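Please examine the sequence and the three-dimensional model shown here before reading on. The explanation is meant to be followed with both in view.

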Amino acid sequence: MRTTRYAPTTCARAWLSLALATSLGLTPTAHAAEDDKARITELEQKLDESLKMIRELSNKVEALEAREAQRTSAAGAAAAGTAAAAGTAAAAATASAAVPPGPANPTPTAPVGAATPGAPPVVGPPAPADTGARLTHLEETVSQMANAPQRAEDRGMAMHGFADVGAGTHNAQFPKYQGADIAELDFFLTPQLGARTRALFELNFEVGADGEVGVDLERAQIGYQFSDSATIWLGRFHTPYGYYNTAFHHGQWIAISLRRTRFLEFEDHGGTMPAHTVGLWLTGSQRLGEQRLTYDAWIGNSQRITGGTIDMNNAGVTAGSTMFGGNIGLLMSGVLDGLKVGLDAFQTRIENQDVAPSQFTQVQSYGAYVVYDTDRWEDIAEWHFFDNTDLTGHTGTHHSDAGFVQIGYRGGRFTPYGRYERGSFNQSDPYFAAQTSGNSYDREALGVRFDIDLSSALKMEFAETRYTDRYLTRYGEALLQYAIRF
Amino acid sequence: MLAVLVVTLWAAVPTPVSASATRLTDLPSTWVDDRGQPFDLRSMYGRTVVLSMAYATCHRVCPRTVDYLRRLQNEFDSRGVSAEFLVIGYDPDSDDVAAWRQYRRTRHLTRTNWHFLVGARADVEQVARQLGFEFWKMDQHVIHDGRVVRFDQRGVVVSSDTVGGL
């Protein structure tokens with residue numbers, strides 16, 4: 001635990017931002033923030049000077065009044081004469097206050113009363129009522145300026161992200177490699193827009209199957225939040241089938257496990273399902289008493305297979321087809337708190353562009369999931385079934401399925417987990433047959449996540465993978481990953 | 001690609017979070033508590049206040065923050081100090097009154113001096129900014145650290161503790 005005792009204002013991050021902005025000749029926002037700080041400091045200095053001056057003038061008035069009272073008392077003067085003298089002194093004080101201290105009007109450094117022989121000791125009398133009100137107003141203004149909500153344009157764009165590196169007997173995504181690897185550097189941009197407009201961009205630098213680093217705009221979605229229970233997004237998003245694909249994203253730090261299941265991997269990492277969709281997505285949740293109903297409905301570009309990999313058609317489709325689906329879930333409460341169950345389905349037409357002429361397959365998928373997520377447990381079971389129809393070769397409808405069960409136990413810094421996953425893909429189905437990773441397999445994995453601190457974790461996993469149809473082989477893996485968020 | 005990386009790294013500098021001392025009365029005052037009742041933060045003036053932020057489906061950081069608050073409560077009890085414990089929800093979209101009520105029930109947080117507060121998104125963001133709670137939302141996740149801020153009876157911040165440390 002670290003304890004921060006508040007000290008005056010300096011903020012290292014602000015200086016860092018300022019230095020960066022200055023060096024790049026950019027970000028008026030940082031300048032604006034510094035201007036405000038400078039103004040506040042200046043106002044505080046002026047306030048201090050004013051208080052000092054008021055105190056000194058009050059002392060002067062007090063001394064003059066005392067002297068006048070002594071004089072008039074001795075002379076037996078009338079009370080009216082005393083009042084006139086006090087009025088003169090007050091007028092003089094006001095006039096003096098209007099003149100700033102300077103060489104021609106030096107500010108005295110000691111209380112007048114103390115320097116006047118015979119005068120009574122003077123100890124900071126209260127300022128006149130109108131001056132007090134002005135001071136209060138000034139204090140409030142300074143406080144408001146210091147605590148005013150920053151305008152969005154002053155805050156700049158918040159940006160965060162994830163990164164991970166690793167080592168192992170195989171690369172976690174591309175098993176033909178072994179040794180040390182860099183996996184990804186994932187920047188997450190969430191610009192602050194209006195009260196209801198949302199935006200999300202995910203820019204990922206990642207190693208691909210060829211071993212080279214590439215850049216991918218993994219998500220680019222702009223949305224409008226109608227209410228707490230409905231947001232509509234347009235752009236490229238994670239296809240909301242099942243649970244895992246929208247609960248966990250590219251940053252591996254967020255997940256307990258070291259990697260996604262093989263069939264749920266992203267397309268360019270060997271996934272066999274369309275992990276991204278470019279289109280329109282309506283999502284939200286609604287209370288049903290103590291339970292919460294979650295829903296998703298989406299429609300987007302149909303997808304294609306090129307180079308043995310699914311592609312989400314970022315630019316749009318040429319064959320004029322769509323992909324659409326829905327997902328409905330129920331979050332329980334009471335004794336079932338932490339339990340979520342759900343169903344999903346989607347349909348699309350996939351064009352295989354690796355053959356000429358292109359082949360088309362109608363993909364229909366149905367899924368179900370059960371999740372138990374509490375302070376102690378993160379258990380997920382998710383299964384998908386496919387009934388895909390060969391639209392070109394007319395070989396009929398082919399059934400396949402894939403799923404996994406994962407159990408994780410949060411035990412402080414250590415979170416051990418185990419997972420079983422399986423993909424049983426019909427090789428007569430042109431959708432799976434056309435994909436490089438479309439072979440059937442099963443995998444068992446045991447691993448542990450160790451949280452080094454709140455923003456970094458070390459993970460270790462031992463896994464055994466078996467390929468069961470297109471290739472008949474098996475391999476074991478010992479994997480290490482260092483994942484962070486920032 | 002290098003240019004993209006340079007621009008990205010420049011933009012990646014986190015937004016500065018204000019760490020200037022803030023009084024309780026400077027914070028947005030209008031909230032709703034986990035009983036669904038209006039809660040005015042100004043009503044806490046004159047009392048020792050312990051304030052933190054959390055979200056109900058957090059299973060990594062917030063449980064540790066709540067444990068820390070429990071220990072703090074025990075410490076106060078043993079010293080005979082009374083204090084109000086406020087937990088403000090990071091995510092008003094999903095952390096509504098019912099969510100916090102459920103949260104208290106399942107974690108046996110029954111003390112009446114504990115208040116789980118729901119507010120407008122802008123107010124939540126303002127409190128976070130003023131008190132130095134840095135957070136960002138990624139889909140249904142709220143990425144954040146653990147922090148507990150203490151105010152004295154004059155509503156002045158006396159300490160800000162980073163908790164949830166492992």
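The paragraphs below treat chain B, then a set of strands in chain A, and finally the cavities.

This is a predicted model, in which local features need pLDDT of at least 70 and side-chain atom pairs count only at pLDDT 80 or more, while totals for chains, interfaces and linings use all residues. Residues are numbered from 1 along each chain as its sequence is written, chains are lettered from A and ligands numbered from 1 in the order in which they are written, and side-chain values use heavy atoms, with hydrogens and water left out.

Chain B contains 4 helices and 9 strands. Here helices (H or I, at least four residues) and strands (E, at least two) are DSSP runs, numbered from the N terminus. Of the 166 residues in chain B, 60% are buried; buried means under 20% relative accessible area, exposed over 50%, and partly exposed in between, with a 1.4 Å probe and protein chains only. The accessible surface of chain B is about 6700 Å², and carbon and sulfur atoms account for 55% of that surface. Such areas come from the Shrake-Rupley method with a 1.4 Å probe, and for residues only the protein chains shown count as cover. A contact means heavy atoms within 4.5 Å. Among the contacts in chain B between residues at least 6 apart in sequence, 70% join residues at least 24 apart.

Helix 3 of chain B shows how a helix may be covered by elements of two chains. In this helix, 7 of the 10 residues are buried, namely B:Val97, B:Ala98, B:Ala99, B:Trp100, B:Gln102, B:Tyr103 and B:Arg104. Their cover includes strand 7 (276-288) of chain A, together with strand 1 (30-32), strand 3 (49-54), helix 2 (62-79), strand 4 (84-89) and strand 5 (114-117) of chain B. One residue of helix 3 (residues 97-106) of chain B is B:Ala98. Why is B:Ala98 counted as buried? B:Ala98 is counted as buried because its relative accessible area is 10%. With its neighbours within four places in sequence left aside, B:Ala98 is in contact with A:Arg287 and A:Glu290. Within its own chain, the C-alpha atom of B:Ala98 is separated by 8.4 Å from that of B:Gly36, 62 residues apart along the chain. Just after helix 3 of chain B comes B:His108, with a positive phi of about 55 degrees.

Helix 4 of chain B, spanning residues 121-131, also has buried residues, including B:Val124, B:Val127, B:Ala128 and B:Leu131. B:Gly132 follows this helix and has a positive phi near 80 degrees.

Further along chain B, strand 6 (residues 135-138) and strand 7 run antiparallel and are joined by 4 bridges. Two strands pair if DSSP finds at least two bridges between them. The bridge partner of B:Phe135 is B:His144 in strand 7 of chain B. The hairpin of these two strands has 2 residues between them, and B:Asp139 takes a positive phi near 55 degrees. Strand 7 (residues 141-144) of chain B is covered on both faces: B:His141 and B:Ile143 are buried on one side, and B:Val142 and B:His144 on the other.

Antiparallel pairing is also found in chain A. Strand 15 (residues 397-409) and strand 16 (residues 414-424) of chain A pair in this sense over 8 bridges, and A:Gln406 stands opposite A:Arg419 in strand 16. These strands form a hairpin with 4 residues between them, where A:Gly412 in the turn has a positive phi of about 75 degrees. Strand 16 of chain A is joined by 10 bridges to strand 17 (residues 441-453) of chain A, and the two run antiparallel. On a 1 Å grid over the protein atoms alone, a cavity is a set of points where a 1.4 Å probe fits but cannot get out, and lining residues have an atom within 4 Å of a point. Grid points are joined across faces, edges and corners, and a volume is the space filled by probe spheres set on the points. The structure holds 3 cavities of 30 Å³ or more. The largest cavity has a volume of about 240 Å³. Of its 23 lining residues, A:Asp164, A:Gln173, A:Ala183, A:Gln252 and A:Gln481 are the closest to the centre. Strand 2 of chain A gives the largest share of this lining, 5 residues. The second largest cavity holds about 50 Å³ of space, and its lining residues include A:Gln173, A:Ala183 and A:His269.

Definitions and conventions:
On a 1 Å grid over the protein atoms alone, a cavity is a set of points where a 1.4 Å probe fits but cannot get out, and a pocket is an open set with protein on both sides within 12 Å along at least five of seven lines; lining residues have an atom within 4 Å of a point.
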